[in-house]
Structures are given as structure tokens and as C-alpha cells.
Amino acid sequence: MTEFVEIRESAPLTFTQRWNTYLAIVLAAGVMVLGITLRDSNLNATVTLENLESGVRAQVPANWLQDTRGEDYLFRVRDPNAVPFKTTLQVSVLTVGPDATPDLVLNLLTMQRSSRFATYHEISRSDAMLRDDPAKRMVYAYTEFERNPALQSLPMVIEGVDLVVLQGTQAVVVTYREEQSAFDDHLYRFESLLRTLEIF
Amino acid sequence: MMANHLFRRLILCAGLLVVLAGIGLPAFAPPRAAAQADPPLVELNEDVIKQATVFVMQSFLVSGQPMISCIGSGTLISRDGLILTNAHSATPSEACPSDVLVIAITVRLDEPPIPTYTAEVVDASHGLDLAVLRINGYLDGREILPGSLELPFVELGDSLNVGLDDTITIVGYPTFGNDPVEVTRGTVNGFTAEARAGDRAWIRTSAVIPGTMSGGGAYNRDGQLIGIPTIAPARAGGEAVDCRYLQDTNLDGRADSGDHCVPVGGFISALRPSRLARGLVRAAALGIRQGEISATNPAPSQDGEPVFSRLFFSTRVNEVGQASNVVGSVPAGTTSLYLFFDYNRMEDGAVYELRVSVDNVQDPTYSLPPVTWSGGRRGTWYIGTAGLPLRNGLYDFRLFIEGREVASRRILVGGGPADEPAFTDIIFGLLDANGNLVGTSYVLPEGSAIQARFNYRNMQPGTPWSFVWYFEGQELTRDTAAWDGDQQGTRLITAAADFLAGQYRLELYIDGALSATADFVIAGAAESARAAVFGNFRFATAQAGGAPGGTIRADFPAGIDRLYVFFDWRLLAPGTMWTRRWLVDGDVLFEITEPWNAPPDGENFFASLAGLAALPDATYGFEISIANVTRQSVSARVGLGQLPVGTFASAAGIQMTGRIIDAETQEGIPGAMFIVLNPEYSVEDFLWDQSQVLGVSMADSEGRFQIPVLLPRGTEDDPLLYSVLVQAEGYLPLSADGIAVSEETQSPVEINAALSRN
């Protein structure tokens with residue numbers, strides 16, 4: 001009985017093969033970086049929304065659903081991809097008297113929302129600044145549920161934050177709402193909105 | 001080598017798939033719509049109708065515990081939560097104490113309704129037993145923002161187009177809310193005529209409808225609401241009613257006969273035509289209600305039992321609702337027969353009933369089950385059958401009030417056309433200088449002579465005949481003579497007297513038997529042989545001390561919230577029945593018939609409309625009738641003078657539903673967003689602007705979605721093309737253009753989207 005044993009030795013790469021390999025790796029890495037950059041720029045792309053009548057302008061995420069026809073806000077954008085709650089940013093303007101304070105505006109918002117949102121309650125209230133203007137910041141939570149009674153959805157706990165700043169007889173309210181577990185993760189969207197908010 | 005090729009092909013295919021997914025080509029399951037041979041343009045959609053049917057509960061609190069007092073069904077007639085139902089099951093009464101009106105809705109078609117909302121009564125007619133409710137909050141007390149509700153609803157159809165033997169579908173809740181919404185089918189087997197509502201005051205059906213379905217809906221084949229199943233309300237102190245003891249309302253630890261009993265009634269066979277609800281519905285949709293009216297002195301109420309008297313039959317009703325003839329028998333083949341009678345001490349909402357037996361066998365076809373009275377306190381009424389052949393036999397008509405028989409009358413149907421002498425078609429007027437009868441009407445001015453013209457046939461010379469004139473129920477004059485005219489023709493008789501304002505009647509007899517009768521009203525002064533009763537009409541936006549205030553004109557700017565009409569009147573006797581109507585763009589919103597309770601002469605009588613917010617732009621009409629004869633019609637414009645286009649939401653459209661699933665696991669993706677664009681936009685045009693969006697729905701815990709607005713239809717030749725997008729975090733988005741919706745598209749269109757992870 002004869003047994004054949006095949007023994008192979010790896011031949012060393014030629015110069016061309018070695019550099020082709022390096023080039024392929026570099027190219028792949030470059031494409032990956034380009035892809036990530038493109039993705040990030042796309043995800044972080046913004047568009048400008050403004051309301052000349054109220055004198056408010058801000059940068060909001062692009063490719064979010066923009067609504068400028070609401071009765072109680074100047075504009076509102078919602079992330080269509082977010083699940084289960086559509087991350088919401090909105091800017092509203094309330095007409096107030098000369099003696100109004102940000103706290104008064106927050107009180108009005110709380111009274112209004114208590115009758116509209118299930119289990120609405122205020123969590124905290126703190127002083128803040130919007131650029132050089134004094135502002136008031138309020139964090140709150142409520143339960144959101146599907147309005148269409150034909151659909152079965154579990155209620156969601158929504159956390160929200162309002163920042164109120166007074167400009168003459170206008171109170172500008174900037175709002176961010178997110179499902180409670182993702183609230184902190186997407187808070188930077190709110191901060192970005194505040195950074196780009198112009199009241200003129 | 002082969003393996004290498006295979007690998008390359010796999011890579012190529014995978015790349016192509018990625019590219020396809022990346023550019024967003026549609027990967028939808030095709031819309032599913034049942035194929036059917038020659039479908040009607042829009043077919044009855046049972047699912048939508050079931051979802052639009054609600055369960056209405058009145059509840060009252062005992063020591064803080066909610067107790068149910070009355071129940072019924074109702075139908076959503078607008079997206080924002082207007083509900084049409086019976087007045088008796090939605091308005092508080094002795095039998096139905098109520099603190100809260102609870103609306104339970106159909107969430108799953110095969111499950112009982114779920115209490116979800118509270119509602120308020122916008123307007124109700126106890127006579128017609130119809131009410132319009134508006135959902136005004138959630139059960140936990142939260143308010144509902146205007147326009148935020150997007151509920152399934154149905155449209156009112158034209159109940160006058162319903163014919164004998166038409167198939168109808170009745171939808172409602174069969175029990176106390178323990179069972180799912182139920183659908184019953186039947187045919188139209190007759191119509192019942194009533195004064196003021198005409199030949200089709202009631203639609204009769206062969207369907208067996210439980211009493212709890214009262215207030216629900218009856219639908220034609222197009223899925224439009226054509227009737228409201230209606231059963232008489234329960235009476236707390238009246239006849240024993242079928243009811244159930246459900247709760248321990250007296251808190252004695254037992255639910256027994258000492259507790260409140262929830263009435264369920266028996267079975268329903270009568271439907272109130274939807275046209276009688278149209279005014280209520282339009283007023284509620286427009287946010288208009290009746291405003292204040294001049295203070296008057298209501299007639300003192302007369303104590304005692306209600307009375308029906310002077311019963312007679314007629315086969316024809318004239319244009320003002322009076323009997324054209326009086327018959328003692330009718331030939332075979334007769335299709336219309338009306339029982340006329342006078343009534344007194346009645347009350348709107350009282351329960352009355354007509355039982356008809358033929359040859360001593362009760363026949364439900366010609367009977368009217370217990371229903372609510374809508375004729376007011378006193379007057380002349382009729383009830384009968386129209387458009388339905390009467391079979392030969394001896395008919396007994398028996399009238400009941402609150403379960404007690406109060407009057408009856410018998411008539412023979414059969415044989416050939418009678419050649420007996422008869423008088424018909426009385427009308428009244430004045431003679432001009434040339435001896436011609438002018439100003440013929442049933443409302444005449446004050447004067448000293450009144451002419452009555454009537455037709456006669458088969459009269460023989462010498463036949464004794466007589467006439468009797470009455471004023472306010474008292475005999476004025478009577479005369480008997482032998483007939484001295486032709487066999488047939490027209491004759492005038494004259495009554496000379498000082499005709500004061502009030503209500504009159506003429507009766508004509510042949511050989512002692514009543515052959516014709518008619519009522520007329522004397523009111524106003526003569527102006528060109530006509531009665532001038534009302535005048536000096538003015539519209540205003542306010543009243544101050546009973547006089548016009550604010551802006552006085554007939555053309556108002558948009559935004560006013562009240563509209564008053566003022567008028568003067570003369571020679572109108574207290575107690576005369578008069579009708580006032582408010583119209584918007586020619587459609588009647590409110591119609592009220594009641595006795596005149598002001599002095600005979602006066603100025604600045606006013607009635608008004610009020611808007612919940614501002615009165616919508618439209619042309620507002622105001623009409624006054626006496627004895628069903630329209631005396632005056634005036635109008636005023638507000639804003640543009642016509643209602644905005646699309647004021648009344650249409651339920652004609654298709655529903656888009658479906659499921660969004662993970663392509664790999666086939667499980668639903670909760671929270672995924674389904675967007676339908678307005679038909680003028682394609683996916684490529686979409687700029688993520690809400691104004692381009694027709695409807696959005698978030699998938700529920702099972703991945704199901706339902707676009708909350710109905711998609712308008714195009715035509716067969718030019719269908720509307722819709723574009724849709726589906727988005728969810730962690731998944732590649734999907735989109736598709738060109739989903740066609742035409743008049744033949746079956747609703748709902750179901751779209752299933754499978755998303756791939758990115």
C-alpha cells in the first residue's frame with residue numbers, strides 16, 4: 001500500500017501582489033470612511049425653517065417631516081424613522097402681557113396640557129439662558145397613546161422639555177419630546193436647535 | 001471555475017438588490033382588493049359601517065359609582081365625532097337619569113364595544129326622536145382638541161330614493177354591550193305617512209331588529225345611512241316596559257326590582273328616514289344653534305287626558321297637508337289611505353301607536369308600532385299608508401296613546417269604483433269686482449265674506465246636502481238644501497260674516513254624511529286679495545330691549561356670531577299654528593311649528609341663530625308659514641354668501657390599511673410610519689413638508705396601520721394616483737408611486753410592506 005502525502009509551501013507574494021493587497025485594503029478603508037462621512041452628513045444635515053411674521057428662524061434636521069400649519073406652533077418637525085415615538089422638535093409663540101414671566105408661561109402650558117395629555121406632570125423647572133437672554137426650562141412627562149381606536153398600541157411614556165424665553169410681548173417656547181428611554185440619547189437635537197435658534 | 005462564476009453572480013445580484021433598495025423602488029405586496037364581476041360604483045362596506053356604529057350609554061352617579069340608566073346604538077356621521085341617534089336614548093328623562101353620556105366604540109369588529117369617549121347633546125327633536133351628539137372628551141376627563149378626532153363615519157343618503165322591496169342593512173348593538181356590533185338584513189315592506197313629514201314619515205321593514213339597536217343605522221346598497229331604527233322610549237310611570245336590572249343602584253346589596261331598570265324594548269320594525277335628521281345634522285356640523293326668540297306668553301296648559309276626535313278617512317292629501325276628500329269606503333286597488341283626526345292635550349314625545357287589523361287580524365304592514373308624537377299640543381293630524389296596495393277587507397284603525405286605546409275607525413276596501421255623490425278639493429278665496437274668485441288659499445285676510453270653492457261629482461238633483469262653518473271649534477252657521485246643480489262640476493258657496501282673525505273650518509255633507517272638509521286661517525289685512533300678516537323684515541346682529549341692535553342690514557361681513565331677524569305682524573290670533581324655518585344656502589336647518597303666543601298685532605318679533613364660534617359664510621334664509629302656506633321668505637348674506645366648498649365632509653373615499661413587517665422575521669414593526677402623499681405629489685416631489693401629506697399612520701404593536709383619512713377617488717378613466725412611503729429606524733425605507741384609486745376601487749385597500757434591515 002502506497003500512501004501519497006502532498007506537501008505545499010506558501011510561495012512568497014510578489015511585489016505587485018503585495019502592493020495590490022495594500023491598495024485594496026486602503027481603498028476599502030477609504031470607501032468606508034467616505035460612506036460613514038456621507039451617512040453622518042446626511043443624518044446631521046439640516047434645513048432652515050423660519051417664520052417671518054413672528055421673527056423666528058432655526059435649523060432643523062433635514063428629512064424630518066416638517067409641519068408649519070399647526071394651530072399651536074410655528075413649526076414642528078418629527079423624525080419619521082424613530083420608533084416607537086416620532087422624536088419631535090417644535091417652536092411655538094404665545095402672546096403675553098408686559099408683566100408676564102417665563103414661569104407664568106410654563107404655568108399656562110402646564111394647565112393646558114393637563115387637560116389634553118394623559119398623566120401629564122411636571123418633573124423639574126430650572127433657570128437657563130438662551131444666548132444672552134434669561135430663559136426658563138421645564139422638564140415634564142406624560143403618557144402618549146394611539147388616537148386611532150382601531151389600532152392597538154401600548155401607551156408610551158414621553159418625556160419633554162420646554163425652554164421659554166420672553167421677547168417683548170411674545171413668549172417663544174422651544175420644545176423637544178422623545179420616548180422616555182431615548183430622551184437623553186437625542187437631547188443633542190434639542191441643543192442643536194437652541195444653538196441655531198434666531199429670534200429677530 | 002463554476003463555483004467562481006456562481007460566486008460572482010451572487011455578488012452581482014446582492015449588489016443589485018442593495019442598489020434597488022437604496023433607490024427606494026417599491027417592494028410592496030400589491031394592493032388587495034376583491035375582484036368582482038361588474039361591481040357597483042361604491043358598494044356597501046360593512047366594516048366601515050360597523051366601525052362607525054357606536055354604543056350609547058347614559059350613566060348617573062350613585063355615591064360616586066357610575067350606573068347605567070339607558071342604552072342605545074348610534075352612528076358616527078362626521079370624522080370629528082358627531083353622532084346621530086334616538087333622542088330618547090341620549091337625553092335625560094325620568095326613565096333615563098343621566099350625569100354622563102358615554103360612547104363606546106367598535107375597536108375590533110368581532111368584539112364588544114369599548115367605552116372610550118364622553119359626549120354632549122348638540123340638538124334633539126323629541127317629536128322625531130332624533131338627536132345629534134358630539135364627542136367632547138375622553139372618559140378620563142381629558143378634552144379633545146377640535147379637529148383632532150379622525151373617526152370612521154358614514155354619509156346620510158337620500159331616504160326618498162328608498163323603494164318598496166329594497167334590501168336594507170341595519171347595524172347596531174344587539175345587547176347591553178356584551179356582544180359585537182350586529183348586522184341584520186331585511187327589505188322595505190312599506191311606508192307610513194304622517195302629517196308634517198309626508199308620505200314617508202316612517203320606513204317599514206321586515207328585518208327583526210332588537211330594541212337595543214334603536215338609534216343605530218339602516219343603510220342602502222351604497223352604504224349610505226337612510227334610516228334610524230326607532231323604538232318608543234320607556235316610560236317610568238307608564239306601561240310596563242321590557243327592562244333589565246343590571247346594577248345595585250339603591251346600594252342595598254342586591255340588584256333587584258328595587259333598582260333602576262335599564263329599558264331594552266321589544267323589536268323594531270320602523271325606521272325614521274334620514275332626511276328628517278338632515279337639518280339637525282347640518283346645524284350641528286356647522287356649529288349653528290337656535291338663538292333667543294321674542295318672549296311670548298305661552299297658552300295655559302289644559303289638564304286632562306289627550307283626546308283624538310273627528311276621525312275620517314281620505315285617499316288624497318293636498319299640498320298643505322289637508323284631506324282632499326272624505327271616503328267611507330275605497331275600491332279594490334287603492335294604494336293610499338289616510339286616517340285624519342283632531343287632537344288635543346297631546347305633547348311632543350308622548351308615545352302613540354296605530355294598530356290596523358284587516359278582517360279582525362292585525363296586520364303590521366299598515367300599523368305603526370309605538371313611536372313618539374311630534375305634532376304638538378293640538379291640531380289636525382293624519383297617519384296612513386301611501387304607495388302600498390291595500391288588499392280587500394274590512395280595516396279597523398285603532399289609535400293608542402301611551403298604550404291606551406283612545407279612538408278607532410273602520411273602513412271597507414274592495415269592490416269597484418264608487419259612483420256615489422261626492423264633494424272634493426275645497427279651497428277658499430275672495431271675490432273680485434268681476435265676481436271671480438281670487439287669492440285662493442288656506443290663509444285669508446280679515447273681511448266680511450269668504451268664498452269656498454269645491455268640486456262635486458255624481459250629484460243628483462234634489463239630493464240633500466249641507467254645509468257647516470266653524471270658528472275656533474264653535475259652529476258659526478249651517479245650511480241645508482236640495483242639490484240644484486249639475487251632476488259634476490265646481491261650485492262656490494259664500495259665508496258672510498265679520499271674519500275675525502282665527503282658525504276656521506268648513507264641512508260639507510251629502511245626505512248627512514261628511515263628504516269634504518277643509519280648514520283655513522283668517523289673519524292679516526287684505527292687500528290685493530291676499531293676507532298681509534308679516535312685514536318690515538330686518539336682519540341684525542343683536543337685539544336690545546326687543547329692538548334691532550348692532551348692525552342692521554341684509555349683507556353682513558364674515559365673522560358675526562349671531563343673526564337676528566325682526567318682523568312686524570298684524571291680525572294674527574293667538575293660538576294660530578305657525579311655522580318658522582331657518583335655512584342655510586337653501587337647506588332647512590330648523591323648522592318649528594307652534595301656536596302663536598304673542599298679541600294679535602305688534603312690532604319687532606324676533607328669532608335668531610347663534611354660532612358656536614362665528615356663523616359660517618352663507619346665505620341665511622328665514623321663512624314663515626301659516627297652515628302650511630308660506631307667507632314670507634327673506635334672506636341675508638354673511639361673508640361670501642355661500643358655505644365654503646367641502647364644508648360637509650364626505651365619507652366617499654377609500655380606506656387604506658395594512659401591515660408593516662420585518663422582511664426577515666415577518667413580525668410587525670411597532671411605530672413604523674406609513675405616509676400617503678396628496679395625489680398631486682410623487683415620492684420624488686416629496687420635500688418632507690406636512691402640507692404634501694394626505695395622511696400618516698404609525699403602526700401599532702402588531703405592525704398594523706390605518707390611514708385616518710379616506711382617500712378621495714378619481715374616475716375610472718382618470719384615477720387618482722397616490723404615493724406612499726414607509727419609514728422605520730433600522731430599516732431601509734420603502735416608497736411607491738402610482739397607487740390608483742378610482743370609483744371602482746374597493747375599500748379598504750390593504751397594503752402590506754416588508755422592510756429589510758439596513
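This is a predicted model: local features need pLDDT of at least 70, side-chain atom pairs count only at pLDDT 80 or more; totals for chains, interfaces and linings use all residues.
In what follows, helices of at least four residues and strands of at least two are DSSP runs, numbered from the N terminus. Good morning, colleagues.

I begin with the fold in outline. Chain A contains 3 helices and 10 strands. Read from the N terminus, its elements follow the order α-β-β-β-β-β-α-β-β-β-β-α-β. The radius of gyration is 26 Å, whereas the globule rule gives 16 Å for 200 residues, so chain A is more spread out than a compact globule. The C-alpha trace extends over about 105 × 40 × 30 Å along its principal axes.

Next, burial and contacts. Of the 200 residues in chain A, 30% are buried. If we consider contacts between residues at least 6 apart in sequence, 44% of them connect residues at least 24 apart.

I turn now to one sheet. Which strands form it, and in what order? It is an open sheet of 3 strands in chain A, ordered β1-β2-β10, and the pairing is antiparallel. Strands β1, residues 46-51, and β10, residues 198-199, of chain A are at the edges; each has a single partner strand, so one side of each has no neighbour in the sheet.

Let us look at one pairing within this sheet. Over how many bridges do β1(A) and β2 of chain A pair? The two strands, the latter covering residues 56-61, are joined in the antiparallel sense over 6 bridges. As a point of orientation on the screen, T48(A) lies opposite Q59(A), which belongs to β2(A).

Thank you for your attention.

Technical notes. Residues are numbered from 1 along each chain as its sequence is written. Chains are lettered from A and ligands numbered from 1 in the order in which they are written. The radius of gyration is taken over C-alpha atoms; the globule rule is 2.2 Å times the number of residues to the power 0.38. A residue is buried if 20 or more other C-beta atoms lie within 10 Å of its own, exposed if 12 or fewer, and partly exposed in between; C-beta atoms are placed from the backbone. Two residues are in contact if their C-beta atoms, placed from the backbone, lie within 7 Å. Two strands pair if DSSP finds at least two bridges between them.
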